Amino acid sequence: MSVFREVADFQLSVDSLLEHNNGHSRPDIQLQAMRLAEKLKCDTVVSEISTGPGTVNFKINRELLTKTVLQEVIEDGSKYGLKSELFSGLPQKKIVVEFSSPNVAKKFHVGHLRSTIIGNFIANLKEALGHQVTRINYLGDWGMQFGLLGTGFQLFGYEEKLQSNPLQHLFEVYVQVNKEAADDKNVAKSAHEFFQRLELGDTQALTLWQKFRDLSIEEYIRIYKVPAHSPALLSCGAALDGYSWRLGVHFDEYSGESFYREKSQEVLKLLDSKGLLQKTMYDQVTIL
């Protein structure tokens, strides 16, 4: 049975201290290391000094280190580690962190969890360092899928189910209408027309889309705050071994692809006025 022995907590390479190290042989470097180690003395912090192959090794007083660290943790609390001189000269910046980004009307699944945790960690770190951080959740909230969803909800949707469990019900509706659209050209045509109404700013279509979006965001906010062992996260595939902690995630803004709906219309009008667009003969689709 082999016993592992820690050589050192810190090592100093003697070779890196020599100005013309190319001219020194390995025995010479080892001798230099031994001479340097003999000149150094242990104190209350350094408990042991030894030499290795071209190195001087240091062991730290573990008891003192433990007491010192724990005392600083107790005194500084959540600010522990931030008083380091490494951070004192950092310029303060405005930083945008965009993360999570689930698709509206679809269930939050484990694939989103990775981005959510990493993004939240980065945002927390930047905030702790004193930066002004804006957290944005850029949603997938526009596209032909909402033509299918709008048509599907008109055919198969129930307001009671939508209010009680919005993401689950919208997911079921979306799956069902996709099957119907594959077999029935009239359903596919209705979905296409519904999305055209959305793009043209039809009030009724936009109201339904806005309801889907608002209910989805409410559900996401609930998921971001719930304990990790709750059914809400376990049902999305995030098996987290029942630990009772919270994600602690929040956002300053919920943006998304729909943000560019009106902006893109302005750009299209500008390009059209300059004669840079032409319209196809198929469903009046505008192309560059």
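Axes here are lines fitted to C-alpha atoms, for helices over the stretch in contact, and angles run from 0 to 180 degrees between N-to-C directions. The model described is predicted.

**Helix pair**

Two packed helices are described by the angle between their axes and the distance between the axes. In this model, helix H5 covers residues 145-156 and helix H8 covers residues 185-199. Their axes come within 7 Å and cross at roughly 115°. Angles of 65 to 115 degrees count as roughly perpendicular, so H5 is roughly perpendicular to H8. The crossing of H5 and H8 is right-handed.

On the H5 side, the contact is made by Phe146, Gly147, Leu148, Gly150, Thr151, Gln154 and Leu155. H8 contributes Val187, Ser190, Ala191, Phe194, Phe195, Arg197 and Leu198. Sorted by class, the contact of H5 with H8 has eight nonpolar, five polar and one charged residues.

**Sheet**

The model also has an open sheet of three strands, in the order S1-S3-S2, with antiparallel pairing. The strands are listed below.

| Strand | Residues |
|---|---|
| S1 | 10-13 |
| S2 | 46-52 |
| S3 | 55-60 |

Strands S1 and S2 stand at the edges and have a single partner strand each, so one side of each is left without a neighbour in the sheet. From one strand to the next, the twist averages 20°.

Strands of a sheet pair through backbone hydrogen bonds, either parallel or antiparallel. S2 and S3 run antiparallel and are joined by six bridges. In this part of the sheet, Ser50 stands opposite Asn57 in S3.

Notes:
Residues numbered from 1 in each chain as written. Predicted model: local features only at pLDDT ≥ 70, side-chain atom pairs only at ≥ 80, totals over all residues. Heavy atoms only, no water. Pairing = 2+ DSSP bridges. Helix = DSSP H or I, 4+ residues; strand = E, 2+ residues; numbered from the N terminus. Parallel < 35°, antiparallel > 145°, perpendicular 65-115°, else oblique. Left-handed = near helix turned anticlockwise from the far one by under 90°. Contact = heavy atoms within 4.5 Å. Nonpolar A, V, L, I, M, F, W, Y, C, P; charged D, E, K, R; others polar.
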